[in-house]
Each structure stands twice: as C-alpha cells, then as structure tokens.
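Good morning, and thank you for the time. Please keep the display in view while I go through the main points.

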Amino acid sequence: MGRQADTTGVKLDFLSPPLPAELAASAARLVVPILHEEFLERLLLGQFGPGAQFVAGIARDGEKVAGHCWGGWGQSAAPIGVVAGVVTDEHYRGKGIASALVAGICRRFDAAGGKLLFLGTTNPDARRIYERLGFRNLIGSVYCRGQFSPARGFATGLTARSHPAAWRDMGSVLPLYLLPHPCMVMDSVTELPSTRLFAPWRCFRIFWENWQSVENGGSWELLESASGWAVASALARPFPSQEESQSAGASDFSVDFIWHPDYSDIGLEFVRDFLRRAEKQCRGGPCLFLCDRDEWKQRAAKSLGFSCAGRGVRNMLVSGERWALDEYRRD
Ligand SMILES: CC(C)(COP(=O)(O)OP(=O)(O)OC[C@H]1O[C@@H](n2cnc3c(N)ncnc32)[C@H](O)[C@@H]1OP(=O)(O)O)[C@@H](O)C(=O)NCCC(=O)NCCS
C-alpha cells in the first residue's frame, strides 16, 4: 500500500474470536445491513469452528465501530482463505481504513503460511482497494491473491478422502463452485437456482448458503485431494425447506453435488457413496434431485441411478421466487 491510512482518532485492531459481546454486536450492526452476513456476530463470538482460524480487523473511534473486515482460513493442509465483511461507516470513508484493515488481514494470512486468499466483490470502489493489495480477478466477481492455477490446485495427487464440511473448508469450497465448471457455467448463463441461491456479489455466500441449507438434519460432505483442495461436494438438505413447507405438506430430502472434471471417477464414486448413506439417514426414503436442463447434471444424475419424474412436479422456492425444475428420483 502506498499511503499511510489517515486514522487520526481511529484505532485499528486485529482480534481473534471470541470478541467481547458488545464489540461483536456493534460490528454486526455495521456490516449486516449492507452485506447480509447474518452469521457475522456468531462468527465474531467464536461460535464457528472446526479447524478454522478467524481474524477480525476492527477500526474504532472511541466505542464506535468505524470499519470492519474479517479473514478466515484453515489451520492445516492447503492454506486457502477468504476475506469478507469489508465495510467502512460512511462518515469514515476515503481515509484508507478499509485498505489498512484488508492489508492487515493479508499480512496475518501470509504469516500463517497462507497462499491463496479469495474474496468476492462487484463494488468498483472496493475492487480498486483489493487490486492495489495484489488481488486479481479469477472469475466473475471472485478475486484471488496469490498464484491460482487450477492444475496445481486440484490435480496434484489423485488420492482423496471425504469428510463432513467444516468452516476450515470455506476457502477451498469457493474455487470448486466458481471455476468454469460445465454445470456452473450453464447455471450462470441461465441464472438458475444454484447460482441464485447466493447473491453474486458475495462469493462467500456459497459456503454460507450451503451450510445453512443442510441445517435441520441435512448433511454436507467434501472430497479433499491430497493437496487439501475440495474436489467434490455432496449435500442433502431438507426439502421442502421451512419456508416452503408452509405451502407444501410432505417433507423429503433434496441432494446436490458437484465434482471437479479432473476427478470424475472418484467424484462419482464419492457421490454414490454419499447418496447411499444419505438415503438411510433421510428417513429411509429416496432423495430427490432437482435441476434444470443442464446436460452435465442430467448425465451425472443418470449415472447415479436417478430417473426423471417430471418437470415442475414440485417447485423450489429460491429467494421468494418459484422455480419449476426437473425432479429426479432414484429407484
Ligand atoms: C468499499 C469500502 C469498504 C471502502 O472503504 P474506505 O475505508 O473508504 O476505503 P479506503 O479509504 O481504504 O479507500 C477508498 C479510497 O480512499 C483513498 N484514500 C484516501 N485517503 C487515504 C489514505 N490516507 N490512505 C489510503 N487510501 C486513502 C483510497 O486510495 C481509495 O481511493 P480510490 O477510490 O481512488 O481507490 C466502503 O466504501 C464501504 O463500506 N462500502 C460499502 C460496503 C462494500 O461494498 N464493501 C465491499 C464489499 S466487497
């Protein structure tokens, strides 16, 4: 960063959760109305865990929180992280506060052995700050600091192990879902639910939305390569969701999955295995799979033993809109 931040009267701190309750609440009051990170207060209170390290950058003018951002990364294996929650109170903007906070998170990430730091933005003011700090556009609204090479990231060591998704995986989930993957490219073109589930200007929402969607008894598992990257993901979520169940009676589970094209064989095996377990867990019934006319997903569904039960049999509610999708079931 060229200039020193003009932080006259403003104190910058970098704190690891748990933060004092009052401070966590003030930071959330600044950030949530703008960026909709509803989970932030709980994150700052140290309620999200396994294996993840979080640091909050906080600018304070007396008791008032003038600026905020947070970074998070896994403590082991692939040192991949995310930066999010970057907001400066409008009365304090243009003084270098956000630049100094994000730069501080980057320094801490580097010191922890971090290699690739991801973030998402569509705000041109924020983009300039990130670019000055070395972030480069990866795809769409996603930026990455460090040398990101899909080949290096995903294809080293074709052995892999599966485990339940955890907060430490937030960084490695983003590239899996955001690479120009056949089904994701299709979804972005048609603006289908899997991309509409999260606001496109917050790449971190992919992780959060998936996390939330499996709450109330669902499950989410990842297949991780030897180098620590998520190379496949499978989740089963209650369907209809609470919101939908007000209008629909039955309760079922819908599944979703993705694997990196370099890992097609073991990705397919991993999802097959996941489905077997999910079907046992999910009250013994078959899982539903809902998708639109996406060839990749249709082919994948077929190889997993799903057959199409019709279109729009049940609609899926996404951000208040109803989507008529093809419904697949396993015999
Ligand atoms: C984007 C946002 C976080 C920027 O916060 P900020 O604290 O004003 O950012 P900075 O002061 O570091 O940088 C803003 C500008 O002030 C300049 N600046 C002024 N004085 C400065 C100083 N002393 N030191 C460094 N930069 C200074 C910066 O160079 C930058 O210039 P640019 O517009 O030409 O790029 C803020 O506008 C915001 O909260 N927006 C709404 C939420 C949002 O969109 N967040 C981003 C989500 S990804």
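I begin with a definition: a residue counts as near a molecule or strand if its C-beta atom, placed from the backbone, lies within 6 Å of it. Of the 21 residues around the ligand, those that come nearest are Thr88, Arg93, Gly96, Ala98 and Ser99. This is a predicted model, in which local features need pLDDT of at least 70, side-chain atom pairs count only at pLDDT 80 or more, and totals for chains, interfaces and linings use all residues. Residues are numbered from 1 along each chain as its sequence is written.

Let me stay with the ligand shell. By class, the shell has eight nonpolar, seven polar and six charged residues. Here Ala, Val, Leu, Ile, Met, Phe, Trp, Tyr, Cys and Pro count as nonpolar, Asp, Glu, Lys and Arg as charged, and the others, Gly among them, as polar. For the elements, helices (H or I, at least four residues) and strands (E, at least two) are DSSP runs, numbered from the N terminus. At least two shell residues each are supplied by β4 (80–88), α3 (97–111) and α4 (124–132). The largest share, four residues, comes from α4.

Next, strand β4. Is β4 mostly covered or mostly open? It is mostly covered, as nine of its nine residues are buried. Buried means that 20 or more other C-beta atoms lie within 10 Å of the residue's own, exposed means 12 or fewer, and partly exposed lies in between, with C-beta atoms placed from the backbone. Valine 87 lies in this strand, and it is buried, with 23 other C-beta atoms within 10 Å. Valine 87 and valine 32 are 55 residues apart in sequence, yet 9.5 Å apart in space, C-alpha to C-alpha.

Now the pairing, where two strands pair if DSSP finds at least two bridges between them. Strand β3 (residues 64–74) runs antiparallel to β4, with six bridges joining them; glycine 72 stands opposite valine 82 in β4. On strand β5 (residues 116–120), three bridges join it to β4 in the parallel sense, and glycine 81 stands opposite leucine 117. β4, α3 and β5 make a right-handed β-α-β unit; right-handed means that, with the strands pointing away from the viewer, the path from the first strand over the helix to the second runs clockwise.

I turn to strand β2 (residues 52–61). Seven of its ten residues are buried, so β2 is largely enclosed by the rest of the structure. Five bridges pair β2 with strand β1 (residues 11–15) in the antiparallel sense. Ten bridges join β2 to β3, also antiparallel. β2 and β3 form a hairpin with two residues between them, and glycine 62 in the turn has a positive phi of about 65°.

Finally, two backbone details. What kind of peptide bond joins proline 17 and proline 18? It is a cis bond, with omega about 5°, and proline 18 is found in the loop between β1 and α1. Histidine 36 has a positive phi of about 55° although it is not a glycine. Its place is in the loop between α1 and α2 (40–44). For comparison, most residues other than glycine have a negative phi, and most peptide bonds are trans.
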